[in-house]
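Hello,

Here is the structure I promised to pass on to you. My notes on it follow below.

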Amino acid sequence: MSIDFTLSPEAEAIRARVRAFVGEVVKPAEDKLQGIRDLDRAEYVTLLLSLRDQAKAAGLWLPHMPVEWGGMALGHVELAMVQAEAAKAYYGPFVLNCQAPDEGNMHTLLHWADDAQKEKYLRPLCEGRVMSCFAMTEPEVAGSDPTLIQTSAVLDGDTWVLNGHKWFISNAHRARFAIVIARTETDPEIPQAANSAFLVDLPSDGWTEVREIETMHGGTGHSEILIENLRVPAANLLGGRGNGHLLGQYRLGPARLAHCMRWIAQAETALDMMVDRSLNRFAHGSLLADKQGVQWMIADSTMEIYQAKLMVLHAAYRIDHGLEFKSEVSMAKHFVANMLNKVIDRAIQVHGALGYSTDTPLAHMYQQARWARIADGSDEIHQMRIAQRTLAAYREHASTRTATGDLPL
Ligand SMILES: Cc1cc2nc3c(=O)[nH]c(=O)nc-3n(C[C@H](O)[C@H](O)[C@H](O)COP(=O)(O)OP(=O)(O)OC[C@H]3O[C@@H](n4cnc5c(N)ncnc54)[C@H](O)[C@@H]3O)c2cc1C
C-alpha cells in the first residue's frame, strides 16, 4: 500500500494556474461585480461572461468534464484541489463553469442521457451558453424522503403530462432547462422506484415561477415552481422509467463532494481572517493571538479543516478507483458542512462587532454556510444512513471497521 499526498507535476501546475487565475483575474473583478450586480445588469453579465472567456482561453474550463466535452478531464482527487482554489473567490466556480447545480447536472447527463439528449442539453451547458436546474423538492412533503414526491407524470400518447409543485429550485430563474423528478409508477416493486426524471425546456407552457424565495442570505435564485399540465415529449425521459431515485443518488455523490471542496476553501478563508485579526488586535496586555481562549479556536478550526481535507480526499480517491463511495461522501458532506459553520462562527467571534458587520465577508459567508447543513441531504439524514451502514457492517462482519472508511487501519 502506498499513501502519497504529493500531486503529479502536471496536477501541481494546474493548481498553480488556477490559483494565479483566481487571484489575478477573478478576485480583482469581484468588487466591481458586487458593486454593479443590482445596478447595471447588462454590465454585470458582460463582465462575468468576459471572465468566463478568459478562463476558457487559459484552459481552465470545466475541470470535471472529459476532454471531448471541452473539459480538463480531472479525476475527483485533482478536482478537489481545483474546486478548493476556485472557491477562494465567490465567482470562481462560476467562471470555471463548475458551479452548482450545473456541475451536478453535467455529471448526471454525461452518465444518464442518450446521445441526442447529450447534444441538446449537455453540449450548451458545457459551452457555457445556458444554465440549468434540478427540481425535486416539494413544499407539501418532506424533501428528505423522495418516496413521498407528489408531482406526477402521466403518459398521454407520446408525451408525458406533468403536474405538481416544487420549491427551492436553485437557478430556476435563469435556467434554460430543468431536470424534474416526478412520480410515474403507481405500483413500484420498491417505493424508491416510483419516480422518473424528465428534461424540461424552459420557459415552457405549464411551468410557472411563482416567486424567488427570500432566504436568510437574500433572494438569490431558489424558486417556487407550479407545474400545470406541462407536456414533455417521451424522448425527454432521462434514464428510463422508475430510475428517478437512482439518478438523484448518482447525481448527489460527486455534487456533494464538490460542495465540500468549495466549503473547505471558504473555511480556509475564514481561518486566515481569524488568524490575521488575532495577530493585529490588542487587548488586556497582549494580542488576541496570545490568548489561550483564542488559540483554542484557532487550533480547533485548524484540526477540523485538516480532518475535512482528509475525508474529502479519501472519498474522491474512492470515486476515482471505482470503489463504493456513498458512505464516505455522506460522512464528508456532514462533517464539512458542520465544520464550515463552526469555523466561520469562530472567525466572527474573534472579529467582535466587526465580524457581525457586513464590512467583512464573514457575515455573508455565515448566512450562506447555514444551508450546507440542510440541502443535498440534511444532517440528520446523513447521520441516519451512516448509522444504518455501521449497524449493517457490524451485523455482517461482527466489526464496524468497514463502515469507518474501510481503511487498512
Ligand atoms: C439553499 C438551498 C438550495 C436548495 N436547492 C435545491 C434544488 O436546487 N433542488 C431541489 O430539488 N431542492 C433543493 N433544496 C431543497 C433541499 O434538498 C431540501 O431542503 C432537503 O432535501 C430537506 O428537505 P425539506 O426542506 O423538505 O426538509 P424535511 O424533509 O421536511 O426535513 C426537516 C428536518 O427534519 C429532519 N428529518 C427528516 N427525517 C428525519 C429522520 N428520519 N430523523 C431525524 N430527522 C429527520 C431533516 O434532517 C430536517 O432537518 C435546496 C435547499 C436549500 C436550503
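A cavity here is a set of points, on a 1 Å grid over the protein atoms alone, where a 1.4 Å probe fits but cannot get out. Grid points are joined across faces, edges and corners, and a volume is the space filled by probe spheres set on the points.

Please keep in mind that this is a predicted model, in which local features need pLDDT of at least 70 and side-chain atom pairs count only at pLDDT 80 or more, while totals for chains, interfaces and linings use all residues. Residues are numbered from 1 along each chain as its sequence is written, and side-chain values use heavy atoms, with hydrogens and water left out.

The structure has one cavity of 30 Å³ or more, and the volume of the largest cavity is about 30 Å³. Its lining (residues with an atom within 4 Å of a point) consists of Met136, Thr137, Glu138, Val141, Ala142, Gly143, Pro146 and Ile149. Sorted by class, that lining has five nonpolar, two polar and one charged residues. For the classes, Ala, Val, Leu, Ile, Met, Phe, Trp, Tyr, Cys and Pro count as nonpolar, Asp, Glu, Lys and Arg as charged, and the others, Gly among them, as polar.

Next, a helix pair. Helices (H or I, at least four residues) and strands (E, at least two) are DSSP runs, numbered from the N terminus. Helix α3 (residues 76-86) packs against helix α8 (residues 292-320) at an angle of about 140°, and their axes are 7 Å apart. That makes α3 oblique to α8; angles under 35 degrees count as roughly parallel, over 145 as roughly antiparallel, 65 to 115 as roughly perpendicular and the rest as oblique. Axes are lines fitted to C-alpha atoms, for helices over the stretch in contact, and angles run from 0 to 180 degrees between N-to-C directions.

Now the backbone. Most residues other than glycine have a negative phi, and most peptide bonds are trans. The bond from alanine 100 to proline 101 is cis, with omega near -5°, and proline 101 sits in the loop between α4 (92-95) and α5 (102-112). Leucine 202 and proline 203 are also joined by a cis peptide bond, with omega about -5°.

Leucine 62, not a glycine, has a positive phi of about 50°. With 0% relative accessibility, leucine 62 counts as buried (under 20% relative accessible area; exposed is over 50%, partly exposed in between; 1.4 Å probe, protein chains only).

Best wishes

Note on methods
1 Å grid on protein atoms, 1.4 Å probe; cavity = no way out; pocket = protein on both sides within 12 Å on 5 of 7 lines; lining within 4 Å.
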